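Open the model in a viewer and keep the selection tool at hand. The stops below are meant to be taken in order.

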Amino acid sequence: MKPPVRIIARLDIKGPNVVKGVHLEGLRVVGKPGELARRYYEQGVDEIVYMDIVASLYGRNNILAVVEEAARDVFVPLTVGGGIRSLDDIVAALRSGADKVAINTAAIARPAFLKEAAEALGSQCIVLSVEAKRRAPGKWEALTDNGRETTGIDVLDWVVEAERLGAGEILVTSVDQEGTKSGFDSALIGAVHERVRIPVIACGGAGTPEHVRSLVATGTIDAVACASIFHYGTAPVPALKSYLADQGVAVRT
Amino acid sequence: MITVIDYGRGNLFSTGQALRHLDVPYEITADADAAERAERIVLPGVGAFGDCMEGLRSRGLIEPLKRAAARGVPMLGICVGAQVMLDAGEEFGRHDGLGLIAGAVRRLPEGNGGPDAVRIPNVGWRALRTRGAFFDGTPDGAMVYFVHSYAPFVADGADVAATIAVNGADVPVAFRRGNVVGFQFHPEKSGPVGLNLIERFVRFTP
């Protein structure tokens, strides 16, 4: 039997707020990090990802207090990303109650950082975060700094390299689909899944439960990260899970 | 009082928060004397087997933990903390464990690449097949959170308290022998099911 697909809530953090944008831009405040994390946990979400979306811009990291607050009452895995640049940053995140860190910009700047991090703390806590921008059919470029900077790096080459260096999971965000509520970039997710053996988390574009179901049906994902459908109440966690279960998709209940 | 052993390799914050949430008094300590005096011990652990054993060795915790187990102190190992309770581990070469329960820590079976194959590391929520009294009250099929590539293959099948299905194999993920209990999964990250299991350990008398 196929293991249940993990349903992850993604909370983009800016200062004291959870925000949501479109294509990682045009941000709107949707709530407080602690409150939303507790609500989604109580509703049965399987995991929570916090992204400090301005950390790599300003080089500051206010997110640890946010994680620490959540970790007091939320007993599912927590991942923190945004502004993770050094082993000290990772250790600080884990000490604040995070189970994993998501790394993008710092890994692209210096890929060996992934290897050092995996060797020091274990692959199980190192998530490679990829912001993928479609450039041609079957071709995506990796962006950094929350979609603000181009790199010229091919996403499909990069994920293979990151797995080799010791990443334990890959969070793939489609910048094209992000915030559009128009469905996942299933070609991107499928292509990444085909090239690596580690778990792949799909992010960007979930607007309806059917978007999630149709992606899961391709058999290419282990987890989906959703934001809008939870934040705006289009499909709260229990509604999403019961829809998936009714359609024959294994979920944790 | 629960003594949570800090040897630099554990998810101590979350383990502590779970105990706080359950209103259970606890201390987090790396002190070998505290381990000698402990009434009830939680041994967390994250990372590689050999590295965790080195963390225990460098803090002088190996012998105190062995003595605590021998005098019947209830001990709960979590994740790699459970793995090091066995005789040996095979991650990055063979390493001796604490030897509190017979068996070896071995890699999970790989899948065949088919659509139902479980990828290794095995990350996510998996349904427990429970057996034995320790899991009374945890429904068969209850899901808990895993992130691991290795599992504790205890030698005596009678000590296995729960298993999961991984690529066609029935893999042991919880064991209990007398006062020694181990969970390969993370009860502190497994929602109400996991909190309930921690509470069970807090109350259990071997």
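Start by selecting Arg107(B), which is found in strand β7 (residues 101–107) of chain B. Strands here are DSSP runs of E with at least two residues, helices are runs of H or I with at least four residues, and both are numbered from the N terminus. This is a predicted model, in which local features need pLDDT of at least 70 and side-chain atom pairs count only at pLDDT 80 or more, while totals for chains, interfaces and linings use all residues. Residues are numbered from 1 along each chain as its sequence is written, and chains are lettered from A and ligands numbered from 1 in the order in which they are written.

Is Arg107(B) buried or exposed? Arg107(B) counts as exposed because it has 12 C-beta neighbours inside 10 Å. A residue is buried if 20 or more other C-beta atoms lie within 10 Å of its own, exposed if 12 or fewer, and partly exposed in between, with C-beta atoms placed from the backbone. Leaving aside neighbours within four places in sequence, Arg107(B) is in contact with Glu90(B), Ser149(B) and Tyr150(B); contact means C-beta atoms, placed from the backbone, within 7 Å.

Next, select Ile120(B), 13 residues from Arg107(B) along the chain; the C-alpha atoms of the two are separated by 9.3 Å. A cis peptide bond with omega of about 10° joins Ile120(B) to Pro121(B). Pro121(B) lies in the loop between β7 and β8 (122–127) of chain B.

Two residues with positive phi come next. Most residues other than glycine have a negative phi, and most peptide bonds are trans. Select Cys79(B), in the loop between β4 (75–78) and α5 (80–83) of chain B. Cys79(B) is not a glycine, yet its phi is positive, about 55°. With 30 C-beta neighbours inside 10 Å, Cys79(B) counts as buried. Then go to Asp145(A), in the loop between β8 (139–144) and β9 (149–154) of chain A. Phi of Asp145(A) is near 55°, and Asp145(A) counts as partly exposed, with 19 C-beta neighbours inside 10 Å.

Return to chain B for its sheet. Which order do the 8 strands of this open sheet follow? The order is β2-β1-β3-β4-β14-β13-β12-β9, with mixed pairing; two strands pair if DSSP finds at least two bridges between them. β2 (26–29) and β9 (129–130) of chain B stand at the edges with a single partner strand each, so one side of each has no neighbour in the sheet. Select β12 (residues 160–166) and β13 (residues 169–177) of chain B, which run antiparallel and are joined by 6 bridges. Val160(B) stands opposite Phe175(B) in β13(B).

For a helix pair, select α7 (residues 155–165) and α8 (residues 186–195) of chain A. Their axes come within 9 Å and cross at roughly 35°; axes are lines fitted to C-alpha atoms over the stretch in contact, and angles run from 0 to 180 degrees between N-to-C directions. The contact is made by Leu156(A), Val159(A) and Val160(A) of α7(A) and Ala191(A), Val192(A) and Arg195(A) of α8(A).

Finish with Val101(A), one of the residues with the most contacts inside the largest nonpolar core, which has 156 residues. Such a core is a set of buried Ala, Val, Leu, Ile, Met, Phe, Trp, Tyr and Cys residues joined through C-beta atoms within 7 Å.

Technical notes
Contact = placed C-beta atoms within 7 Å.
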